[in-house]
Amino acid sequence: MTKFSAACAFALLPSLMPAWATAGEASLYARLGGEAVMSRVVEQTVARVASDPAVNQSFDQVNLQKLDKKIVEQICALAGGGCAYSGDDMKAAHAGHNIAEREFYALVEAMRDALDANGVGEREKNELLRLLAPMKRDVVTR
Amino acid sequence: MSLTLSRCLIGTLGAMPAWVVAATLSIQVGDLSSAALADAVVYAVPVNGKAVARQPSAAIIDQVNKQFTPLVSVIQVGTPVSFPNKDNIRHQVYSFSPAKTFELKLYSGVPSQPVVFDKPGLVVMGCNIHDRMLAYVQVVDTPWFAKTGADGAARIEGLPAGDYQVHVWHYGAVDPAGAVRMVKIEGGAESTANPALKLNLELKPKGPA
C-alpha cells in the first residue's frame, strides 16, 4: 500500500466505527455498566411489564429468567459488548403474540426507569434506546 | 348352524398352527384406592426375546395453548415424532433425557424435521420458553403397547402365544420403574380366553400446582 492510500485508510477509520463509539472510547455496553448493570436493568424492566395486567399478555407462562438472559445477551451484542446473540430475530420471537403499540411503549418506559434507577447516564440511556427503537416494526403486529 | 357342521369346523380349526392365534391383553390400571388411572403406559415384552420388528409409524406431539398434547406417548424404538406447533407463537422443545437428548425450535406455520427416537427409555421434554409445558414419551422395544384412557383401561392386541413381561408405568407413580407382571398368552385354537390384568400403582402425593 502506498503512503497516500494508507493515510486515506486511516482517515476513513472513524466513519467505519459504529455511531456509539468515537476512536479510543469504551463500547456503549461498557459505558452502560456492562453485564452487572444491564442484568439488573433487564430483570427490573421485564418484571415490571410482566406483572402489569394491562400489557403482560405476551409474557403468559414465559420463563422470565431465561428471557432476561437472552435480552441481556442481545443488548450486549448490539452495544459492542462482544457477545454473540443466540436468540431468535425479533420477528420470529414475537410472531403470533399480537403485540400492540402500547405494550411496546410500556416496555420502553419501564426500561427508561430501570436505566435511571441503576445510575445509567443520559447519553448512554438515549444511545441504547436508539439502538432498540428499530425493533418496534418487528415486535408490534397489532 | 347345525351341531354337526360346528363340530366339523372346530375339528378344522384344531388343525391350524398355534401361531395363528393372537390374543388381546386387557389391562386395568388404578391407584391404591382402585380409582381408574389414565395415561398409564403398558407394554408387553416377550420373555424369549423374539419381539416382532414392526415398521414404526410416525407419532405426533402437538403444541396447543402452551401445552404439549398428548401429555403421555408410548412409541416403539425408531419411531419419528413430529412437533407441528398449532400455537401461533414460538416454542422450543428440548429434552435432557439419556434416551433422547435434543432441542428443536418450533416456529408457527413452519414444518420442522421429525425427531427419531432411536433408543428405548423414558424421554421427558419441556419448552425452553414456557416453563409449564411438559410431555413424557416412553420409547419401548416392542410393538405391543398401549396407554390407558380415562377409564384406566388399555388393550394390547395381536399378542402371539408365549410368556411376556408386562410393564406398567405412570409419571405420577412413586416407583419410577413402574410395575412388572408375568403374563402367559395361551396358544391353540381351543383357547378363547383373552387374558386380563388388573394392577394398582402407588402415586406420589400431588404437590402444590
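## The largest nonpolar core

Within the largest nonpolar core, which has 31 residues, the members that touch the most others are Leu32(A), Met38(A), Ile75(A), Met111(A), Leu115(A) and Leu128(A). At least two residues of this core come from each of five elements of chain A, namely helix H2 (28–32), helix H3 (34–50), helix H4 (64–78), helix H6 (101–117) and helix H7 (122–132), and the largest share, seven residues, is supplied by H3(A). These descriptions, like those that follow, refer to a predicted model.

## Where the two chains meet

Chain A brings 11 residues to the contact and chain B brings 12 residues, and the area buried between the two chains is about 1,100 Å², with 37% of it given by carbon and sulfur atoms.

Between chain B and chain A there are three salt bridges, and one salt bridge joins the side chains of Asp88(A) and Lys105(B), with an N to O distance of 3.7 Å. Seven residue pairs, both residues at pLDDT 80 or more, are found in polar contact across the interface of chain B and chain A. Sorted by class, the side of chain B that touches chain A consists of five charged, four nonpolar and three polar residues.

How values were computed. Residues numbered from 1 in each chain as written. Chains lettered and ligands numbered in written order. Predicted model: local features only at pLDDT ≥ 70, side-chain atom pairs only at ≥ 80, totals over all residues. Heavy atoms only, no water. Contact = heavy atoms within 4.5 Å. Buried area = accessible area lost by both parts, 1.4 Å probe. Salt bridge = Lys/Arg side-chain N within 4 Å of Asp/Glu carboxyl O. Polar contact = N/O pair within 3.5 Å; in protein donor to acceptor, adjacent residues only side chain to side chain. Nonpolar A, V, L, I, M, F, W, Y, C, P; charged D, E, K, R; others polar. Core = buried A, V, L, I, M, F, W, Y, C linked by side-chain atoms within 4.5 Å. Buried < 20%, exposed > 50% of the residue type's maximum accessible area, 1.4 Å probe, protein only. Helix = DSSP H or I, 4+ residues; strand = E, 2+ residues; numbered from the N terminus.
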